Structures are given as structure tokens and as C-alpha cells.
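Here's a quick briefing on a protein with a ligand. Have a look at the model, then read on.

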Amino acid sequence: MLIRTKKEIPASEVTDRSLFRRRRQLIKASALGALASFGLSFPELARADAGSKLPGFGKDSPYSINEEPTDFEDVTRYNNFYEFGTGKSDPAENAKGFKTRPWTLAIEGEVEKPGVLDIDQLISGQNLEERIYRLRCVEAWSMVVPWVGFSLGGFLKQFNPTSKAKFVEFTTLFDPGQMPGQQISVLEWPYVEGLRIDEAMHPLTILAVGLYGEVLPNQNGAPLRLVVPWKYGFKSIKSIVRIRLTEDMPHTSWNLSAPDEYGFYANVNPEVPHPRWSQKRERVIGGGLFSLKRDTELFNGYAEQVAHLYQGMDLNRNF
Ligand code: MTE
């Protein structure tokens, strides 16, 4: 994965968080007024518009970490989403007009009940919950994000996986007209990712539809993205259009692009360095002067919950 520092946003350019959010609320309030006069209701807006408040959701997940989330501005302006450019500030800029409605998600492969679901019907049928997770990027930085989402495992069970379902493959939308990065062969498109079925079914694994209590911003993977908190961030594929259950291990974009550098498992592991840099420590995005780096934890701090999944495996080989 490329490390690009050129386009990082200097702290001086980042608007004060409370000011930023107050401004957004004002914009939203006037937008709501305008919509009311066109006869559109709040729920319709909430389904369609990034930045709208999500309806009620549970906030006390036992899986959340007890840490202050990274500022909203950093979470939404320091991104990796190569479909919209390889610089950290490119996605926020280039995904502004990205259309996430209408949107469907196909569930295929080793399931008894395959289907194609409309995203709004899908979301309204879920028990949404906030999960505060640290996103540890393979580039050795991290941030803490208050995601809003639902359990992938519970969702997949509704489609009755067959006994042959050993893996799950995820695919991002392919639309080079809307996603300018797909016109450049920096990766093979569309972006694909995969999990073993037990990883997909683990209660920590979620599909996210929001963050900070709001509909997911486009640059963070609207309308639906995966979040697997014990793995490097690149496993958390964005803007998913297809989930396929498979018997064989699926390809993954970064593994296809550089197999020596990015494995299928991609578990956060300070003891297994990337061939070009150490994974022992991580830079804290938005961290103050005295907390710029922290020690990286095995499985990103979730060893107790997930280490058993890899018992007997050599994690140096299965990186
Ligand atoms: N998903 C798609 N479709 N395309 C991408 O380029 N980048 C990955 C992951 N999901 C990526 C993607 C990487 S490298 C990281 S670190 C995370 O998204 C970043 O998520 P964030 O921008 O919401 O912090």
C-alpha cells in the first residue's frame, strides 16, 4: 500500500470541530425546512443523505472500546478510498457527488436463499448499534471511529448459508464514470475483499451504515461498508454491492496487487512487520502533541475474543 504524505491536511486547515458541527447543523436545519416545503419527510431524507441523523440505535455495545473517538473532521477527511484517488484528502473531495441511491446489495453463492436487496429496506430491517472501534491501517496509523452498523453474521444467517460456505467475498461498486480512480489501474477493479466464514460470523464483525450517529459519508464507504476491528483497515471494504459465499478462498485486491506485502488474513500483529516498515507502533491520527504514537496491540486489542480463530496457525506465514 502506498504511503502518501503530500496531501495530508495540516492541522491549521482543519476547522474547529464544534464550529464545523454547528455549521453542519445549521445547513441541515435549512435543508430540512426546504425539504418540508417539497413534502419530503425526515425519514426519507435520512435514508438518502450523508450527514443526516440516523434513527435511534443502541449505544452500549460490550465490544466498543472505551476511548474518545477521533474528531469527525479527521475521520471524514483523512481517508483511503482509491476509487476516488490515492491521496488522503482525495476521497472527501472527489466523492462529494457520488450517488448512493438507488442502491442494491446482492447476496449470492453458497446460500439457500439468494437475493437482491434494496439498501433502504435492508437498513430499516436491522438492529442498528454503535460500535466504537479503532481502525488500525496497515500504513501504521490509527483512529477511533464510532460506527453505526449491524452484525454481519446475523444478517448472513437470514440467507441460510449452505454447508459449503467456507468464505465470504465482498465486492465494491464498479462505476468508473462516478469513481474516477477506477479509470487508473492502481489496483484491479472492482475492489474485492474476503473473510473466512467464522470471521464473518464473529460478533465483532459488522456492516456499517453510519458514523458519529449520522448516515455514512460517501468517502467512508456509503451506503454500506464492512468493519472488522481486529484486522488492518484495508479489509474494511467500502460501498459494497455484492456479498458472495464461497467454498474457495476468494481473491482480495491488495493481495492480488502485492502478495508479498498483503496476505488474506491481515490480522493486526505488531510481531509481523510489513516488508517495508514495522507494525510495532502506530501514529494516532488527530492525537495531541504527547500522544502521537501508541504501541500496536495483537489483534488490535481483541486477542481475547478472536485469537482462538487462529489456533494452530503460523501467523508469520498466514499474515
Ligand atoms: N474500500 C474500497 N472499496 N477501496 C479502498 O481503497 N481502502 C481500504 C478500506 N476500504 C479502500 C476500501 C483501506 S486501505 C482503509 S485503511 C480503509 O478503507 C479506510 O477507511 P476510512 O477511510 O473510512 O478510514
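Over which residues does pLDDT stay under 50? That would be residues 3-47, for which the model still has 50 contacts (heavy atoms within 4.5 Å) beyond four places in sequence. This is a predicted model, where local features need pLDDT of at least 70, side-chain atom pairs count only at pLDDT 80 or more, and totals for chains, interfaces and linings use all residues. Residues are numbered from 1 along each chain as its sequence is written, and side-chain values use heavy atoms, with hydrogens and water left out.

**Confidence**
- The protein chain averages a pLDDT (the predictor's confidence in each residue, from 0 to 100) of 88, and 84% of the residues score at least 70.

**Around the ligand**
- The ligand is surrounded by 17 residues (a heavy atom within 4 Å), and the closest are Tyr82, Glu83, Arg225, Ser236 and Lys238.
- That shell splits into 8 nonpolar (Ala, Val, Leu, Ile, Met, Phe, Trp, Tyr, Cys and Pro), 3 charged (Asp, Glu, Lys and Arg) and 6 polar residues (the others, Gly among them).

**Polar contacts (N or O pairs within 3.5 Å)**
- Serine 236 brings a backbone N or O atom to 2.8 Å from a ligand nitrogen.
- Asparagine 79 uses a side-chain N or O atom, 2.9 Å from an oxygen of the ligand.
- Threonine 172 has a polar side-chain atom 3.0 Å from a ligand nitrogen.
- On its own the ligand has 530 Å² of accessible area (Shrake-Rupley method, 1.4 Å probe), and the protein covers 100% of that.

How values were computed: Polar contact = N/O pair within 3.5 Å; in protein donor to acceptor, adjacent residues only side chain to side chain.
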